[in-house]
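Dear colleague,

Please find the structure below, followed by a short account of what was found in it.

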Amino acid sequence: MALADFLASLDALAQQARDAFATANSADALEAARIEFLGAKSGHLRQVQKGLGSVEKSDKPAAGKRFNEIKGLMEQAFETAQERLAGRVRESASEPFDVTLPGQTVRVGHLHPITQTIREMKDIMGRLGFTAVEGPEIEDDWHNFEALNIPLSHPARDPLDNFYLATAEKGCQDEKPLLLRSQTSTVQIRVMEKTAPPVRIISLGRVYRPDTADATHYPMFHQIEGLLIDRGVTMADLKSVLRLFCQSYFGGDDQVHVRFRPSFFPFTEPSVEVDMNWQGGWMEMGGAGMVDPNVLRAVGYDPEEVTGFAFGLGVERICMRQHGITDIRALYQNDVRFLSQF
Ligand code: FA5
C-alpha cells in the first residue's frame with residue numbers, strides 16, 4: 001500500500017472516532033464506540049494497523065510513527081468523552097432541590113433518667129452542705145460488714161444475699177472473699193477512717209444483690225448514702241434533712257408524704273425505715289438511723305464526743321415515683337422509646 005493511502009485512511013478513521021466519542025450521550029454508547037474503533041480484536045484501528053504490513057519497507061517508519069500518533073489522539077478523544085459524561089452525573093447530583101421538603105431531624109441522645117436523678121440529688125444535697133464522695137464497687141469484708149457492726153454470724157453475710165467474688169484477695173483481710181458491695185454504707189467507713197469529725201458527705205453509686213427482679217427490685221441498683229457526724233447531732237436533724245431533701249426533689253411538701261417506721265440496722269441505733277406514699281399505698285425509700293457507737297469506735301471516733309446520723313435511699317425508687325414509672329425493670333431494658341420520655 002502506498003504511504004499516502006495509508007495515512008489518508010488513518011486520518012479518516014481518527015475523524016470518525018472523534019465524532020463518535022463526542023456524540024455518545026451515555027456511558028453505554030461510549031463503550032460501544034470504543035469497542036468499534038479501539039477494540040483490540042476487530043476494532044477499526046486494528047484493521048487499519050493490518051494494512052501497515054503492506055506499506056513499502058522504506059515508508060514503514062513514517063507509517064508506524066503516524067499510526068501511534070493517531071492511536072494516541074483517538075484514546076485521548078475517548079477519555080475526554082468519558083470525563084464529559086462523568087461531569088454530567090456530577091451536574092445532575094447538584095441540581096436544585098426542593099427547600100420546602102421536610103428536613104431529617106437529627107436524633108440527639110440525653111442522659112439516662114437514673115443519671116439525671118443522681119445529678120439532681122447531688123445538687124440538692126450539695127445545697128444542704130453535703131460533699132459527694134465515691135467508693136469502690138468491689139469491697140472487702142471489713143468495709144461491707146465488719147466495720148458496720150455486722151459480725152461473722154450475721155445473716156446479712158449469707159452467700160444467697162451477696163455476690164461474693166470467686167477468688168479471695170491474697171494476703172488481704174485474712175483472705176476473706178471480696179464481694180460486689182451490697183450497700184453504699186461501705187463508703188461511710190472509708191470516709192470516717194480517713195477524716196476527723198465533723199463529716200458531712202453523700203455517696204451515690206451502684207450496689208449489687210442477688211434479688212429476684214420484680215416491679216421494685218433489681219439485682220443491680222443505686223443508692224444515695226448520707227452521713228453527718230458532729231457534736232450534738234440528733235434524730236431530729238436526720239428527719240429534717242430527709243424531709244428537706246424530699247421536698248426539694250419532689251417539689252414541695254404537698255407532693256410527697258414521708259413516714260418513718262422503727263426498724264433495725266446493725267450499724268445504726270435507733271434505726272428507721274423511710275417510706276414515701278405511692279399509688280395509694282407506701283413504698284420503702286430507704287433506711288436510716290443514728291450511727292451506732294460500735295461503728296464510731298471501729299473508725300477511731302469517740303462516741304462520747306460525737307454523734308451522727310446516716311441514711312441509705314434507693315435511687316431507682318425515688319426516680320420511679322418522680323416520673324410515675326411503675327416497673328423498675330423498664331429503666332434497664334434500654335428501650336429508647338421508653339427512655340426518650342425523660
Ligand atoms: C440498706 O441498704 C442500708 N444500708 C440503708 C441504711 C444506710 C440504713 C444508713 C441505715 C443507715 P436496705 O437494704 O433497706 O438498707 O436498702 C435501702 C433501700 O435500697 C431500700 O429501701 C430500697 O429503696 C432500695 N433497694 C433495696 N433493695 C433493692 C433492689 N433489689 N432493687 C432496687 N432497690 C432496692
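Of the 46 residues in the largest nonpolar core, Phe309, Phe311, Ile318 and Leu331 touch the most other members. Such a core is a set of buried Ala, Val, Leu, Ile, Met, Phe, Trp, Tyr and Cys residues joined through side-chain atoms within 4.5 Å; buried means under 20% relative accessible area (1.4 Å probe, protein chains only). Helix α8 (residues 235–250) gives the most to this core, with seven residues. Apart from this core lies another, of 24 residues, among them Ala24, Leu30, Phe37 and Leu85.

This is a predicted model, in which local features need pLDDT of at least 70 and side-chain atom pairs count only at pLDDT 80 or more, while totals for chains, interfaces and linings use all residues. Residues are numbered from 1 along each chain as its sequence is written, and side-chain values use heavy atoms, leaving out hydrogens and water.

Helices (H or I, at least four residues) and strands (E, at least two) are DSSP runs, numbered from the N terminus, and two strands pair if DSSP finds at least two bridges between them.

Strand β10 (residues 307–314) has seven of its eight residues buried. Eight bridges join β10 to the antiparallel β6 (residues 220–230), with Gln223 partnering Gly314. Five antiparallel bridges link β10 to β9 (residues 281–291), where Ala288 stands opposite Phe311.

Yours sincerely

Notes:
Buried means under 20% relative accessible area, exposed over 50%, partly exposed in between (1.4 Å probe, protein chains only).
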